[in-house]
Amino acid sequence: MTASTHVATMSTEPEVAPSKASQLIKNCWSCRIISGGGLFLSGAYVFNAARKVMRQGAPISIGTVAQITFAACLASWGIVILADPVGKATRKA
């Protein structure tokens, strides 16, 4: 074994253990319900605010479109936290 192959196989970085906070959010069902539900309801609130402007007959502006897009992002982020897909997908080789 040469020195260059020996150096290439050694890892100098220590293994990083998962943080306690990330483990807590994955294992704590009530934490996921509160945070995911809060994000989902925040998205619903932002969406209703944008719809309120559109219902009043105002022309649809780029700000209204941005609000609806942001609302969809918030709601989908809440659904992802509620569904907890982390670790459920397997990597295809």
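Apart from neighbours within four places in sequence, Thr 64 touches Ala 50, Val 53 and Met 54, a contact being heavy atoms within 4.5 Å. The model is predicted, so local features need pLDDT of at least 70 and side-chain atom pairs count only at pLDDT 80 or more, while totals for chains, interfaces and linings use all residues. Residues are numbered from 1 along each chain as its sequence is written, and side-chain values use heavy atoms, with hydrogens and water left out.

Thr 64 belongs to helix H4, residues 62–83. Helices (H or I, at least four residues) and strands (E, at least two) are DSSP runs, numbered from the N terminus. With a relative accessible area of 5%, Thr 64 is buried; buried means under 20%, exposed over 50%, and partly exposed in between, with a 1.4 Å probe and protein chains only.

The protein chain has four helices and zero strands, in the order α-α-α-α from the N terminus. UniProt, in an unreviewed entry, places the feature "transmembrane region" at residues 29–48 and 60–83. Its positions follow the numbering used here, feature names are shortened, and annotations may be inferred rather than shown by experiment.

| Span | Helix | Strand | Distance between end C-alpha atoms |
|---|---|---|---|
| Residues 29–48 | 100% helix | 0% strand | 28 Å |
| Residues 60–83 | 92% helix | 0% strand | 33 Å |

Of the 93 residues in the protein chain, 14% are buried. Among contacts in the protein chain with a separation of 6 or more, 68% are between residues 24 or more positions apart.
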